[in-house]
Amino acid sequence: MIIEYIMPIFDGVMDIFTQGGIITYIILFVGIYGIIIALRKIAYLRKISEVDTTEILGVVTASMERGGAVEALKQINSFKNPISRIISETLKIGYKNKVEVEESMEQILIVEVGKMTNGLGTIKTLTELAPFLGLIGTVIGIWMTFKALGVQPDSAAMAEGIYVALTTTIMGLLVAIVLLPLHTYIQGLIEVELDKIELATKMTNWGYAVVKVRVDSNVECALEALQEAEGVVNTRLISDPYANIKVSFKPSMLDKSISNIILEKCNVNAEITESKLKQ
C-alpha cells in the first residue's frame, strides 16, 4: 500500500532529473554538499556548547578553594571546549605576566573562532550559487524553446525547453531555501559561543591573587625583589614544607611573572607551589 504511494513520487523525482538535464544534477550536488557541511558544523557547535559556562566557572571556583589554580586547571581540562581553554590561560596568572596571559588567550580565541567559522563561507557561497545555476538552466530552457520555434515549430520541443527552464529554476531556489536557514542557524550558534567566551573572560578577570613561592637560596633578596615589584601588595616569609614566601598581588598590574621577578634581581630560580585567584 505504501509502495503504491511512494512509487509515483519516486518516478516524478527521477523524471525531473531526467528531463532537467545536467544543470539539475549540478544543483543537486551543490545542495547535498552544502547540507553535509552545514550538518557537520552544527554537530560540532552543539558539541562544544553542551557544557554551560556557569558550570565550568563553578568547577573553577570549587577547585580554587580546594587546591588553587593548579587544581582548577586539572578539573577543567576535561571539558575540551573553547571556554575551558581560555579560562585555563587566565588561571596561569603568576606563572606568567598579564601580557603573556592575554597573548595566549588571544591566540586561543583566534584558533577557536577559526574552527567555529570554518565552512561558513562555503555554505554562504553555495546558497548564493544555487539560484544562479538555476538561472543558467532557465536561459538554456528558453534558448531551447526559441530554437524550436525558429527552426521548425514543434510543440513537444517547446514544452521540453519550458520544462527545463522551470525545473532548474525550482531546483536552484529550493537548494537556496534549504541552505539559507542552515547558514543563519549556524551563525546564531557561533554568536552564542562568542558571547559565552566574552562572559567567561570578564568573569575570570581576577582582581586579587595569592601565591606561595619556594626559593632554595637567597630568600631575603627574593623577598626584597617581590616587595619592589609593581602590582605586589604584600609579601612575607612563611613556614611551609613546600614554600617559604607568600605573595599577594593584583594580576592586572603584574608586568612580569613572579619567577622572573626573582630571577632577574637575585639570579635564583623560584617555583610557585600554590596559586589562588579571587575576583
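**Notes on the predicted model**

1. Strand β1 and strand β3 (residues 245–249) are paired in the antiparallel sense over five bridges. Within this pairing, V210 has S248 of β3 as its bridge partner. Helices (H or I, at least four residues) and strands (E, at least two) are DSSP runs, numbered from the N terminus, and two strands pair if DSSP finds at least two bridges between them.

2. The model is predicted: local features need pLDDT of at least 70, side-chain atom pairs count only at pLDDT 80 or more, and totals for chains, interfaces and linings use all residues. Residues are numbered from 1 along each chain as its sequence is written, and side-chain values use heavy atoms, with hydrogens and water left out.

3. β1 also pairs with strand β4 (residues 270–278), the two running antiparallel and joined by eight bridges. In β4, S275 is the bridge partner of V211, and A270 is that of V215.

4. The open sheet consists of four strands in the order β2-β3-β1-β4, with antiparallel pairing. Because β2 (232–237) and β4 stand at the edges with a single partner strand each, one side of each is left without a neighbour in the sheet. On average, neighbouring strands of this sheet are turned by 15° against each other, direction ignored; axes are lines fitted to C-alpha atoms, for helices over the stretch in contact, and angles run from 0 to 180 degrees between N-to-C directions.

5. β1 (residues 208–215) has six of its eight residues buried, so this strand is largely enclosed by the rest of the structure. Buried here means under 20% relative accessible area (1.4 Å probe, protein chains only).

6. Helix α8 lies across β1, β2 and β3, and runs at about 165° to β2. Contact means heavy atoms within 4.5 Å.

7. One disulfide is present in the structure. It is formed by C221 and C266, whose sulfur atoms are 2.1 Å apart. C221 lies in α8 (residues 219–228) and C266 in helix α9 (residues 258–266), so the pair ties together parts that are 45 residues apart in sequence. The torsion about the S-S bond of C221 and C266 is about -95°, so the disulfide is left-handed. Both C221 and C266 are buried. The criterion for a disulfide is a pair of cysteine sulfur atoms within 2.5 Å.

8. Helix α4 (residues 82–90) has eight of its nine residues buried, so α4 is largely enclosed by the rest of the structure. Among the buried residues of α4 are P82, I83, I86 and E89.

How values were computed
Buried < 20%, exposed > 50% of the residue type's maximum accessible area, 1.4 Å probe, protein only.
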